[in-house]
Amino acid sequence: MSDVEEPPVLQVEGLTKRYGDLTVVDDVTFSVRAGETVGILGPNGAGKTTTIHMILGLVTPTAGTVRILGRDPHHDRGALEQVGFTATYVSLPQTLTVRENLRVFARMYGVRNAEDRIADLVERLKITHLADRPTRHLSSGQATMAHVAKSLLASPRLLLLDEPTASLDPDAADRARQQIKRIVAEEGLTQLITSHNMKEVEEMCDRTLFIRDGRIVAQGTPAELYARFGASGLEEVFLTIARNEEVI
Amino acid sequence: MAGGAGVRPDVRPSSWGRISAVMLRQMYLYKRTLHRWLEAVYWPVLDITLWGLLSTYIADTDPSSRIGFGLLGALISWDILFRAQQSVSVGFLEDMWSRNVLNVWSTPIRAWEYVGGTVLVGIVRVTLGAVIAIAIAGFAFGFNFVVEVGLPLIPCLLALLLMGWAVGVATTAAILRLGQGAEELAWALGFLFQPFSAVFYPVDVLPSWMRGIAFFVPASHVFEGMRAILLGDAGLPVRELAWAFAIDLLYIAGAAWVFSWSLRQVRERGLLSRFGE
(Lines give C-alpha, C1' and ligand atoms only; values in the text may rest on other atoms or scores of the structure.)
Protein backbone atom coordinates (compact mmCIF):
# COMPACT_ATOMS: atom_id res chain seq x y z
CA MET A 1 0.00 0.00 0.00
CA SER A 2 1.29 3.48 -0.73
CA ASP A 3 2.18 5.86 2.10
CA VAL A 4 -0.42 8.40 0.93
CA GLU A 5 -3.88 7.29 2.05
CA GLU A 6 -6.45 7.41 -0.74
CA PRO A 7 -9.86 8.73 0.37
CA PRO A 8 -12.22 5.80 1.00
CA VAL A 9 -14.63 4.68 -1.69
CA LEU A 10 -17.33 4.40 0.97
CA GLN A 11 -17.46 6.40 4.16
CA VAL A 12 -20.29 5.77 6.63
CA GLU A 13 -20.43 7.92 9.77
CA GLY A 14 -22.83 7.64 12.70
CA LEU A 15 -25.44 5.98 10.53
CA THR A 16 -28.62 5.47 12.53
CA LYS A 17 -32.13 4.37 11.63
CA ARG A 18 -35.01 4.47 14.06
CA TYR A 19 -38.64 3.55 13.45
CA GLY A 20 -40.42 5.12 16.41
CA ASP A 21 -38.89 3.53 19.51
CA LEU A 22 -37.20 0.77 17.54
CA THR A 23 -33.57 1.38 16.65
CA VAL A 24 -32.63 -0.78 13.67
CA VAL A 25 -29.19 0.66 12.95
CA ASP A 26 -27.37 2.40 15.75
CA ASP A 27 -24.49 4.81 15.16
CA VAL A 28 -22.66 2.68 12.60
CA THR A 29 -19.34 4.06 11.40
CA PHE A 30 -16.97 2.39 8.96
CA SER A 31 -15.19 2.98 5.69
CA VAL A 32 -14.18 0.84 2.75
CA ARG A 33 -10.95 1.65 0.93
CA ALA A 34 -10.39 1.25 -2.80
CA GLY A 35 -9.86 -2.37 -3.79
CA GLU A 36 -10.94 -3.68 -0.40
CA THR A 37 -13.67 -6.28 0.18
CA VAL A 38 -15.52 -5.82 3.45
CA GLY A 39 -18.10 -8.25 4.80
CA ILE A 40 -20.99 -7.43 7.11
CA LEU A 41 -22.00 -10.37 9.27
CA GLY A 42 -24.77 -10.55 11.80
CA PRO A 43 -27.82 -12.51 12.86
CA ASN A 44 -31.23 -12.01 11.24
CA GLY A 45 -32.61 -8.57 12.01
CA ALA A 46 -29.20 -7.20 12.97
CA GLY A 47 -29.55 -4.26 10.55
CA LYS A 48 -27.34 -5.43 7.67
CA THR A 49 -29.86 -4.90 4.89
CA THR A 50 -31.07 -1.59 6.33
CA THR A 51 -27.45 -0.40 6.33
CA ILE A 52 -27.05 -1.43 2.67
CA HIS A 53 -30.34 0.26 1.77
CA MET A 54 -29.24 3.49 3.48
CA ILE A 55 -26.00 3.40 1.49
CA LEU A 56 -28.10 3.04 -1.68
CA GLY A 57 -30.43 5.89 -0.77
CA LEU A 58 -33.40 3.51 -0.54
CA VAL A 59 -33.90 4.27 3.15
CA THR A 60 -33.36 7.72 4.66
CA PRO A 61 -31.16 7.64 7.77
CA THR A 62 -32.47 9.13 11.00
CA ALA A 63 -28.94 10.40 11.62
CA GLY A 64 -25.49 10.04 10.15
CA THR A 65 -24.00 10.35 6.70
CA VAL A 66 -23.05 8.21 3.73
CA ARG A 67 -20.38 9.29 1.25
CA ILE A 68 -19.63 7.37 -1.92
CA LEU A 69 -16.42 8.80 -3.39
CA GLY A 70 -17.24 11.92 -1.41
CA ARG A 71 -20.82 12.23 -2.69
CA ASP A 72 -23.99 11.83 -0.64
CA PRO A 73 -26.47 9.52 -2.44
CA HIS A 74 -29.36 10.99 -0.44
CA HIS A 75 -28.89 14.42 -1.98
CA ASP A 76 -26.96 13.59 -5.13
CA ARG A 77 -28.25 10.58 -7.04
CA GLY A 78 -25.25 10.88 -9.34
CA ALA A 79 -23.32 9.18 -6.50
CA LEU A 80 -25.09 5.95 -7.49
CA GLU A 81 -23.48 6.01 -10.95
CA GLN A 82 -20.48 4.44 -9.22
CA VAL A 83 -22.45 1.73 -7.40
CA GLY A 84 -23.52 -1.74 -8.52
CA PHE A 85 -26.04 -3.65 -6.39
CA THR A 86 -27.63 -7.01 -6.24
CA ALA A 87 -29.41 -9.00 -3.58
CA THR A 88 -31.08 -12.32 -3.16
CA TYR A 89 -34.48 -10.67 -2.67
CA VAL A 90 -34.62 -8.70 -5.94
CA SER A 91 -35.48 -10.03 -9.33
CA LEU A 92 -35.12 -8.98 -12.93
CA PRO A 93 -38.29 -8.74 -15.05
CA GLN A 94 -39.10 -12.37 -15.80
CA THR A 95 -40.47 -12.01 -19.32
CA LEU A 96 -37.36 -10.29 -20.62
CA THR A 97 -34.31 -12.31 -21.64
CA VAL A 98 -31.07 -11.92 -19.72
CA ARG A 99 -29.60 -9.86 -22.57
CA GLU A 100 -32.65 -7.59 -22.75
CA ASN A 101 -32.53 -6.98 -19.00
CA LEU A 102 -28.83 -6.19 -19.23
CA ARG A 103 -29.46 -3.78 -22.12
CA VAL A 104 -32.04 -1.93 -20.02
CA PHE A 105 -29.66 -1.54 -17.07
CA ALA A 106 -26.74 -0.70 -19.34
CA ARG A 107 -28.77 2.31 -20.50
CA MET A 108 -29.71 3.10 -16.92
CA TYR A 109 -26.02 3.36 -16.02
CA GLY A 110 -25.01 5.03 -19.30
CA VAL A 111 -22.90 2.20 -20.73
CA ARG A 112 -22.40 3.24 -24.37
CA ASN A 113 -20.68 0.05 -25.59
CA ALA A 114 -23.44 -2.06 -24.06
CA GLU A 115 -23.45 -4.92 -26.57
CA ASP A 116 -19.69 -5.55 -26.23
CA ARG A 117 -19.75 -5.18 -22.47
CA ILE A 118 -22.74 -7.55 -22.10
CA ALA A 119 -21.14 -10.15 -24.40
CA ASP A 120 -17.94 -9.90 -22.40
CA LEU A 121 -19.63 -10.15 -19.00
CA VAL A 122 -21.85 -13.11 -19.85
CA GLU A 123 -18.81 -14.90 -21.24
CA ARG A 124 -16.73 -14.23 -18.14
CA LEU A 125 -19.62 -15.27 -15.88
CA LYS A 126 -20.11 -18.36 -18.07
CA ILE A 127 -23.75 -17.62 -18.92
CA THR A 128 -23.40 -16.89 -22.65
CA HIS A 129 -25.67 -19.86 -23.41
CA LEU A 130 -28.38 -18.27 -21.21
CA ALA A 131 -28.18 -14.75 -22.59
CA ASP A 132 -31.19 -15.07 -24.88
CA ARG A 133 -33.29 -17.09 -22.47
CA PRO A 134 -36.19 -15.39 -20.61
CA THR A 135 -35.15 -14.78 -17.02
CA ARG A 136 -38.09 -16.84 -15.72
CA HIS A 137 -36.52 -19.96 -17.21
CA LEU A 138 -33.32 -19.62 -15.18
CA SER A 139 -32.45 -21.68 -12.12
CA SER A 140 -31.60 -19.81 -8.90
CA GLY A 141 -27.89 -20.15 -9.61
CA GLN A 142 -28.26 -18.91 -13.18
CA ALA A 143 -30.48 -16.01 -12.08
CA THR A 144 -27.87 -15.05 -9.48
CA MET A 145 -25.22 -14.83 -12.19
CA ALA A 146 -27.55 -12.70 -14.33
CA HIS A 147 -28.07 -10.37 -11.36
CA VAL A 148 -24.33 -10.21 -10.78
CA ALA A 149 -23.83 -9.33 -14.46
CA LYS A 150 -26.36 -6.52 -14.01
CA SER A 151 -24.46 -5.17 -11.01
CA LEU A 152 -21.14 -5.25 -12.90
CA LEU A 153 -22.33 -3.58 -16.13
CA ALA A 154 -20.77 -0.18 -15.44
CA SER A 155 -17.71 -1.63 -13.70
CA PRO A 156 -18.77 0.27 -10.58
CA ARG A 157 -16.23 1.61 -8.10
CA LEU A 158 -18.37 0.11 -5.32
CA LEU A 159 -20.15 -3.23 -5.53
CA LEU A 160 -22.84 -3.90 -2.91
CA LEU A 161 -23.90 -7.53 -2.64
CA ASP A 162 -26.64 -8.28 -0.11
CA GLU A 163 -26.54 -12.02 0.60
CA PRO A 164 -25.71 -12.72 -3.03
CA THR A 165 -25.62 -16.52 -2.77
CA ALA A 166 -28.25 -17.05 -0.06
CA SER A 167 -30.61 -19.04 -2.27
CA LEU A 168 -27.93 -21.26 -3.83
CA ASP A 169 -26.76 -24.78 -3.06
CA PRO A 170 -23.10 -25.04 -1.93
CA ASP A 171 -21.86 -25.98 -5.39
CA ALA A 172 -23.67 -23.15 -7.19
CA ALA A 173 -22.69 -20.71 -4.42
CA ASP A 174 -19.04 -21.68 -4.75
CA ARG A 175 -19.10 -21.25 -8.53
CA ALA A 176 -20.78 -17.85 -8.16
CA ARG A 177 -18.17 -16.74 -5.60
CA GLN A 178 -15.29 -17.79 -7.85
CA GLN A 179 -16.70 -15.87 -10.83
CA ILE A 180 -17.38 -12.75 -8.76
CA LYS A 181 -13.93 -12.88 -7.15
CA ARG A 182 -12.23 -13.20 -10.51
CA ILE A 183 -14.04 -10.24 -12.10
CA VAL A 184 -13.67 -8.10 -8.98
CA ALA A 185 -9.92 -8.77 -9.05
CA GLU A 186 -9.64 -8.15 -12.79
CA GLU A 187 -11.51 -4.86 -12.64
CA GLY A 188 -10.11 -3.74 -9.29
CA LEU A 189 -13.52 -3.24 -7.70
CA THR A 190 -14.32 -2.39 -4.09
CA GLN A 191 -16.93 -4.56 -2.41
CA LEU A 192 -19.28 -4.54 0.55
CA ILE A 193 -20.97 -7.90 1.11
CA THR A 194 -23.53 -9.05 3.62
CA SER A 195 -23.87 -12.74 4.23
CA HIS A 196 -24.89 -15.48 6.62
CA ASN A 197 -22.34 -17.76 5.03
CA MET A 198 -19.13 -17.71 7.08
CA LYS A 199 -17.20 -19.57 4.42
CA GLU A 200 -18.19 -16.94 1.88
CA VAL A 201 -17.03 -14.10 4.09
CA GLU A 202 -13.79 -15.88 5.03
CA GLU A 203 -13.07 -16.56 1.39
CA MET A 204 -14.00 -13.20 -0.09
CA CYS A 205 -13.45 -10.50 2.51
CA ASP A 206 -10.33 -8.67 3.66
CA ARG A 207 -12.15 -7.34 6.68
CA THR A 208 -15.37 -8.18 8.52
CA LEU A 209 -17.83 -6.08 10.51
CA PHE A 210 -20.06 -7.89 12.98
CA ILE A 211 -23.39 -6.20 13.55
CA ARG A 212 -25.75 -7.11 16.38
CA ASP A 213 -28.86 -5.14 17.36
CA GLY A 214 -27.92 -2.51 14.81
CA ARG A 215 -24.45 -1.83 16.24
CA ILE A 216 -21.00 -2.82 15.08
CA VAL A 217 -19.78 -5.02 17.92
CA ALA A 218 -16.53 -6.25 16.41
CA GLN A 219 -14.47 -5.67 13.31
CA GLY A 220 -11.16 -6.61 11.83
CA THR A 221 -9.35 -9.01 9.53
CA PRO A 222 -10.11 -12.71 10.03
CA ALA A 223 -6.76 -13.13 11.84
CA GLU A 224 -7.52 -10.25 14.20
CA LEU A 225 -10.96 -11.62 14.97
CA TYR A 226 -9.69 -15.17 15.57
CA ALA A 227 -7.08 -13.79 17.97
CA ARG A 228 -9.53 -11.55 19.82
CA PHE A 229 -12.15 -14.26 20.32
CA GLY A 230 -9.76 -17.23 20.60
CA ALA A 231 -11.58 -18.82 17.69
CA SER A 232 -10.48 -20.95 14.78
CA GLY A 233 -13.03 -19.67 12.29
CA LEU A 234 -15.62 -16.96 11.65
CA GLU A 235 -18.45 -19.29 12.56
CA GLU A 236 -17.04 -19.61 16.06
CA VAL A 237 -16.64 -15.83 16.24
CA PHE A 238 -20.22 -15.40 15.00
CA LEU A 239 -21.67 -17.77 17.58
CA THR A 240 -19.68 -16.19 20.39
CA ILE A 241 -20.90 -12.74 19.45
CA ALA A 242 -24.49 -13.77 18.73
CA ARG A 243 -24.95 -15.74 21.97
CA ASN A 244 -22.88 -13.91 24.51
CA GLU A 245 -23.72 -10.35 25.60
CA GLU A 246 -20.60 -10.14 27.74
CA VAL A 247 -17.97 -10.52 25.03
CA ILE A 248 -18.56 -7.10 23.55
CA MET B 1 -12.92 -9.39 -27.32
CA ALA B 2 -13.07 -10.93 -23.87
CA GLY B 3 -10.02 -12.06 -22.03
CA GLY B 4 -7.76 -10.60 -19.43
CA ALA B 5 -9.56 -7.68 -17.87
CA GLY B 6 -12.27 -7.95 -20.55
CA VAL B 7 -14.16 -5.14 -22.26
CA ARG B 8 -14.12 -1.96 -20.18
CA PRO B 9 -17.46 -0.14 -20.25
CA ASP B 10 -17.59 3.29 -21.82
CA VAL B 11 -19.77 4.95 -19.19
CA ARG B 12 -21.41 8.29 -19.91
CA PRO B 13 -24.59 8.58 -17.81
CA SER B 14 -27.35 10.94 -18.91
CA SER B 15 -30.97 11.70 -18.14
CA TRP B 16 -32.00 10.66 -21.63
CA GLY B 17 -30.18 7.34 -21.20
CA ARG B 18 -32.16 6.60 -18.05
CA ILE B 19 -35.47 7.73 -19.60
CA SER B 20 -34.80 5.55 -22.64
CA ALA B 21 -33.97 2.64 -20.30
CA VAL B 22 -37.45 2.87 -18.77
CA MET B 23 -38.92 3.02 -22.29
CA LEU B 24 -36.84 0.08 -23.51
CA ARG B 25 -37.95 -2.06 -20.58
CA GLN B 26 -41.62 -1.32 -21.39
CA MET B 27 -41.09 -1.92 -25.10
CA TYR B 28 -39.53 -5.32 -24.35
CA LEU B 29 -42.55 -6.15 -22.21
CA TYR B 30 -44.84 -5.38 -25.13
CA LYS B 31 -42.64 -7.39 -27.47
CA ARG B 32 -42.67 -10.41 -25.17
CA THR B 33 -46.28 -10.42 -23.96
CA LEU B 34 -49.08 -10.70 -26.46
CA HIS B 35 -51.80 -9.92 -23.93
CA ARG B 36 -50.40 -6.39 -23.46
CA TRP B 37 -50.94 -5.74 -27.16
CA LEU B 38 -54.39 -7.26 -26.96
CA GLU B 39 -55.17 -5.10 -23.94
CA ALA B 40 -54.02 -1.97 -25.77
CA VAL B 41 -56.18 -2.86 -28.78
CA TYR B 42 -59.00 -5.03 -27.37
CA TRP B 43 -60.77 -2.45 -25.19
CA PRO B 44 -60.75 0.39 -27.75
CA VAL B 45 -62.14 -1.99 -30.40
CA LEU B 46 -64.81 -3.38 -28.09
CA ASP B 47 -65.83 0.03 -26.75
CA ILE B 48 -66.02 1.72 -30.11
CA THR B 49 -68.02 -1.17 -31.57
CA LEU B 50 -70.58 -1.08 -28.76
CA TRP B 51 -70.96 2.69 -28.74
CA GLY B 52 -70.85 2.85 -32.52
CA LEU B 53 -73.86 0.53 -32.65
CA LEU B 54 -75.62 2.66 -30.05
CA SER B 55 -74.95 5.81 -32.07
CA THR B 56 -76.29 4.06 -35.19
CA TYR B 57 -79.47 3.20 -33.27
CA ILE B 58 -79.83 6.80 -32.10
CA ALA B 59 -79.29 8.08 -35.65
CA ASP B 60 -81.92 5.63 -36.98
CA THR B 61 -84.40 6.81 -34.36
CA ASP B 62 -83.77 10.51 -34.98
CA PRO B 63 -81.80 11.17 -38.21
CA SER B 64 -81.38 14.87 -37.33
CA SER B 65 -79.70 14.11 -34.00
CA ARG B 66 -75.90 14.26 -33.73
CA ILE B 67 -75.91 12.92 -30.19
CA GLY B 68 -74.62 9.56 -31.39
CA PHE B 69 -71.55 11.22 -32.91
CA GLY B 70 -71.13 13.21 -29.73
CA LEU B 71 -71.07 10.00 -27.73
CA LEU B 72 -68.56 8.34 -30.05
CA GLY B 73 -66.24 11.34 -29.97
CA ALA B 74 -66.52 11.48 -26.19
CA LEU B 75 -65.73 7.80 -25.88
CA ILE B 76 -62.62 8.05 -28.06
CA SER B 77 -61.42 11.06 -26.09
CA TRP B 78 -62.11 9.51 -22.68
CA ASP B 79 -60.21 6.41 -23.72
CA ILE B 80 -57.20 8.59 -24.55
CA LEU B 81 -57.31 10.19 -21.09
CA PHE B 82 -57.77 6.84 -19.33
CA ARG B 83 -54.96 5.11 -21.28
CA ALA B 84 -52.60 8.01 -20.56
CA GLN B 85 -53.29 7.64 -16.84
CA GLN B 86 -52.88 3.87 -16.97
CA SER B 87 -49.64 3.96 -18.91
CA VAL B 88 -47.96 5.78 -16.02
CA SER B 89 -49.39 3.81 -13.11
CA VAL B 90 -49.25 0.36 -14.74
CA GLY B 91 -45.64 1.06 -15.76
CA PHE B 92 -44.79 1.25 -12.06
CA LEU B 93 -46.94 -1.79 -11.26
CA GLU B 94 -44.95 -3.82 -13.82
CA ASP B 95 -41.79 -3.12 -11.81
CA MET B 96 -43.58 -3.95 -8.58
CA TRP B 97 -44.97 -7.25 -9.89
CA SER B 98 -41.55 -8.32 -11.15
CA ARG B 99 -39.75 -7.33 -7.90
CA ASN B 100 -37.65 -4.93 -9.94
CA VAL B 101 -38.38 -1.79 -7.92
CA LEU B 102 -35.21 -1.94 -5.82
CA ASN B 103 -33.10 -2.67 -8.90
CA VAL B 104 -34.46 0.46 -10.57
CA TRP B 105 -34.30 2.77 -7.54
CA SER B 106 -30.76 1.71 -6.63
CA THR B 107 -29.59 3.20 -9.95
CA PRO B 108 -28.96 6.94 -10.41
CA ILE B 109 -32.44 7.41 -11.91
CA ARG B 110 -34.38 10.48 -10.78
CA ALA B 111 -38.13 10.39 -10.13
CA TRP B 112 -38.89 12.69 -13.08
CA GLU B 113 -36.82 10.51 -15.42
CA TYR B 114 -38.75 7.41 -14.37
CA VAL B 115 -42.11 9.16 -14.84
CA GLY B 116 -40.89 10.68 -18.11
CA GLY B 117 -40.07 7.22 -19.49
CA THR B 118 -43.51 5.85 -18.65
CA VAL B 119 -45.19 8.93 -20.13
CA LEU B 120 -43.31 8.56 -23.42
CA VAL B 121 -44.21 4.87 -23.68
CA GLY B 122 -47.77 5.89 -22.88
CA ILE B 123 -47.81 8.18 -25.92
CA VAL B 124 -47.11 5.18 -28.16
CA ARG B 125 -49.77 3.11 -26.44
CA VAL B 126 -52.38 5.89 -26.46
CA THR B 127 -51.68 6.68 -30.12
CA LEU B 128 -52.11 3.05 -31.10
CA GLY B 129 -55.46 2.73 -29.29
CA ALA B 130 -56.70 6.09 -30.60
CA VAL B 131 -55.77 5.36 -34.24
CA ILE B 132 -57.61 2.04 -34.10
CA ALA B 133 -60.68 3.57 -32.44
CA ILE B 134 -60.78 6.50 -34.89
CA ALA B 135 -60.36 4.15 -37.85
CA ILE B 136 -63.20 1.88 -36.72
CA ALA B 137 -65.44 4.89 -36.02
CA GLY B 138 -64.74 6.17 -39.53
CA PHE B 139 -64.94 2.97 -41.54
CA ALA B 140 -67.67 1.12 -39.63
CA PHE B 141 -69.91 3.96 -38.45
CA GLY B 142 -69.18 6.82 -40.83
CA PHE B 143 -67.94 9.10 -38.05
CA ASN B 144 -64.74 10.89 -39.02
CA PHE B 145 -63.64 12.16 -35.63
CA VAL B 146 -60.62 14.08 -36.88
CA VAL B 147 -62.56 15.91 -39.59
CA GLU B 148 -65.61 16.53 -37.39
CA VAL B 149 -63.62 18.24 -34.63
CA GLY B 150 -60.90 19.66 -36.87
CA LEU B 151 -57.89 21.55 -35.57
CA PRO B 152 -59.31 22.10 -32.06
CA LEU B 153 -58.81 18.36 -31.61
CA ILE B 154 -55.08 18.93 -31.03
CA PRO B 155 -55.34 21.20 -27.97
CA CYS B 156 -58.35 19.24 -26.68
CA LEU B 157 -56.46 15.94 -26.72
CA LEU B 158 -53.35 17.56 -25.28
CA ALA B 159 -55.39 18.90 -22.35
CA LEU B 160 -56.82 15.41 -21.77
CA LEU B 161 -53.37 13.79 -21.98
CA LEU B 162 -51.97 16.22 -19.42
CA MET B 163 -54.79 15.40 -17.02
CA GLY B 164 -54.32 11.64 -17.63
CA TRP B 165 -50.59 11.83 -16.89
CA ALA B 166 -51.14 13.93 -13.77
CA VAL B 167 -53.73 11.47 -12.42
CA GLY B 168 -51.38 8.61 -13.39
CA VAL B 169 -48.52 10.13 -11.39
CA ALA B 170 -50.82 10.71 -8.39
CA THR B 171 -52.06 7.10 -8.66
CA THR B 172 -48.47 5.82 -8.73
CA ALA B 173 -47.69 7.94 -5.68
CA ALA B 174 -50.61 6.35 -3.84
CA ILE B 175 -49.49 2.81 -4.79
CA LEU B 176 -45.93 3.66 -3.79
CA ARG B 177 -47.10 4.88 -0.40
CA LEU B 178 -49.79 2.26 0.28
CA GLY B 179 -48.10 -0.76 -1.29
CA GLN B 180 -49.24 -3.59 -3.52
CA GLY B 181 -52.66 -3.76 -1.81
CA ALA B 182 -53.51 -0.44 -3.45
CA GLU B 183 -52.85 -1.59 -7.02
CA GLU B 184 -56.58 -1.50 -7.85
CA LEU B 185 -56.21 2.29 -7.77
CA ALA B 186 -54.45 2.08 -11.14
CA TRP B 187 -57.81 1.17 -12.67
CA ALA B 188 -60.22 2.79 -10.24
CA LEU B 189 -58.85 6.30 -9.76
CA GLY B 190 -59.29 7.38 -13.39
CA PHE B 191 -62.92 6.35 -13.35
CA LEU B 192 -63.51 8.37 -10.18
CA PHE B 193 -63.16 11.46 -12.37
CA GLN B 194 -65.57 10.23 -15.05
CA PRO B 195 -68.88 11.35 -13.49
CA PHE B 196 -67.44 14.85 -13.02
CA SER B 197 -65.85 15.02 -16.47
CA ALA B 198 -69.12 15.47 -18.36
CA VAL B 199 -67.93 12.90 -20.88
CA PHE B 200 -71.32 11.72 -22.14
CA TYR B 201 -73.60 14.52 -20.89
CA PRO B 202 -73.31 18.29 -20.37
CA VAL B 203 -72.23 19.72 -17.03
CA ASP B 204 -75.71 21.27 -16.74
CA VAL B 205 -77.31 17.92 -15.96
CA LEU B 206 -75.14 17.48 -12.88
CA PRO B 207 -76.53 18.35 -9.44
CA SER B 208 -75.15 21.68 -8.25
CA TRP B 209 -72.63 20.13 -5.80
CA MET B 210 -71.24 17.98 -8.61
CA ARG B 211 -71.03 20.99 -10.92
CA GLY B 212 -68.80 22.66 -8.34
CA ILE B 213 -66.42 19.71 -8.41
CA ALA B 214 -66.66 19.35 -12.19
CA PHE B 215 -65.34 22.88 -12.61
CA PHE B 216 -62.03 21.74 -11.12
CA VAL B 217 -61.78 18.74 -13.47
CA PRO B 218 -59.94 19.78 -16.66
CA ALA B 219 -61.71 17.11 -18.70
CA SER B 220 -65.13 18.67 -18.03
CA HIS B 221 -64.04 21.85 -19.83
CA VAL B 222 -62.56 19.88 -22.72
CA PHE B 223 -65.66 17.72 -23.15
CA GLU B 224 -67.95 20.74 -22.98
CA GLY B 225 -65.93 22.45 -25.68
CA MET B 226 -65.68 19.37 -27.85
CA ARG B 227 -69.40 18.65 -27.50
CA ALA B 228 -70.18 22.15 -28.69
CA ILE B 229 -68.09 21.49 -31.81
CA LEU B 230 -69.61 18.07 -32.50
CA LEU B 231 -73.23 19.03 -31.87
CA GLY B 232 -73.18 22.43 -33.52
CA ASP B 233 -70.94 24.72 -35.42
CA ALA B 234 -68.83 26.04 -32.58
CA GLY B 235 -65.17 26.74 -33.29
CA LEU B 236 -62.13 26.55 -31.08
CA PRO B 237 -63.39 26.51 -27.47
CA VAL B 238 -60.86 29.08 -26.26
CA ARG B 239 -62.42 29.74 -22.87
CA GLU B 240 -62.92 26.07 -22.04
CA LEU B 241 -59.40 25.19 -23.16
CA ALA B 242 -57.89 28.03 -21.16
CA TRP B 243 -59.60 26.68 -18.03
CA ALA B 244 -58.61 23.11 -18.86
CA PHE B 245 -54.91 23.96 -19.32
CA ALA B 246 -54.83 26.19 -16.24
CA ILE B 247 -56.32 23.42 -14.06
CA ASP B 248 -54.05 20.86 -15.78
CA LEU B 249 -51.06 22.87 -14.57
CA LEU B 250 -52.42 22.72 -11.02
CA TYR B 251 -52.94 18.95 -11.38
CA ILE B 252 -49.39 18.45 -12.68
CA ALA B 253 -47.89 20.53 -9.88
CA GLY B 254 -50.04 18.68 -7.32
CA ALA B 255 -49.15 15.25 -8.74
CA ALA B 256 -45.43 16.09 -8.76
CA TRP B 257 -45.66 17.24 -5.14
CA VAL B 258 -47.61 14.13 -4.06
CA PHE B 259 -45.16 11.82 -5.85
CA SER B 260 -42.17 13.51 -4.29
CA TRP B 261 -43.85 13.41 -0.85
CA SER B 262 -44.66 9.70 -1.25
CA LEU B 263 -41.11 8.87 -2.29
CA ARG B 264 -39.76 10.79 0.71
CA GLN B 265 -42.21 9.00 3.01
CA VAL B 266 -41.39 5.50 1.76
CA ARG B 267 -37.68 6.23 2.08
CA GLU B 268 -38.08 7.58 5.60
CA ARG B 269 -40.29 4.69 6.70
CA GLY B 270 -38.17 2.05 4.94
CA LEU B 271 -41.17 1.03 2.85
CA LEU B 272 -39.33 0.89 -0.48
CA SER B 273 -37.68 -2.29 0.79
CA ARG B 274 -41.06 -4.09 0.84
CA PHE B 275 -41.13 -3.99 -2.96
CA GLY B 276 -38.27 -6.49 -2.90
CA GLU B 277 -40.18 -8.98 -0.78
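This is a predicted model: local features need pLDDT of at least 70, side-chain atom pairs count only at pLDDT 80 or more; totals for chains, interfaces and linings use all residues.
Visitor: Where does helix 3 of chain B bend?

Guide: The bend is at B:Ser87 and amounts to about 25 degrees. That value is the angle between an axis fitted to the seven residues ending at a residue and an axis fitted to the seven starting there.

Visitor: What makes helix 3 of chain B largely enclosed by the rest of the structure?

Guide: A residue is called buried if 20 or more other C-beta atoms lie within 10 Å of its own. In helix 3 of chain B, 25 of the 31 residues are buried, so the helix is largely enclosed by the rest of the structure. For chain B as a whole, buried residues make up 45% of the 277 residues.

Visitor: What pattern does chain B follow along the sequence?

Guide: The pattern is α-α-α-α-α-α-α-α-α-α-α. Chain B has 11 helices and zero strands. Its C-alpha trace spans about 80 × 45 × 30 Å along the principal axes.

Visitor: Which helix of chain B gives the largest share of the side that touches chain A?

Guide: Chain B brings 40 residues to the contact and chain A brings 42. Helix 1 (15-32), helix 4 (101-105) and helix 11 (238-268) of chain B each give two or more residues to the side that touches chain A. The largest share, nine residues, comes from helix 1 of chain B. Sorted by class, this side of chain B has 16 nonpolar, 13 polar and 11 charged residues.

Visitor: Why do strand 5 and strand 9 of chain A stand at the edges?

Guide: Six strands of chain A form an open sheet with mixed pairing, in the order 5-6-7-3-8-9. Strand 5 (83-87) and strand 9 (215-220) of chain A each have a single partner strand, so one side of each is left without a neighbour in the sheet. From one strand to the next, the twist averages 15 degrees.

Visitor: What makes strand 5 and strand 6 of chain A count as joined?

Guide: Two strands pair if there are at least two bridges between them. Strand 5 and strand 6 (residues 158-162) of chain A have five bridges and run parallel, so they count as a pair. Along them, A:Gly84 stands opposite A:Leu159 in strand 6 of chain A.

Visitor: How do you know that strand 1 and strand 2 of chain A pair?

Guide: Strand 1 (residues 10-19) and strand 2 of chain A share seven bridges in the antiparallel sense, and at least two are needed. A:Leu15 stands opposite A:Val28 in strand 2 of chain A. These strands belong to an open antiparallel sheet of three strands in the order 2-1-4 (chain A).

Terms used:
Residues are numbered from 1 along each chain as its sequence is written. Chains are lettered from A and ligands numbered from 1 in the order in which they are written. Helices (H or I, at least four residues) and strands (E, at least two) are DSSP runs, numbered from the N terminus. Axes are lines fitted to C-alpha atoms, for helices over the stretch in contact, and angles run from 0 to 180 degrees between N-to-C directions. Two residues are in contact if their C-beta atoms, placed from the backbone, lie within 7 Å. Ala, Val, Leu, Ile, Met, Phe, Trp, Tyr, Cys and Pro count as nonpolar, Asp, Glu, Lys and Arg as charged, and the others, Gly among them, as polar. A residue is buried if 20 or more other C-beta atoms lie within 10 Å of its own, exposed if 12 or fewer, and partly exposed in between; C-beta atoms are placed from the backbone.
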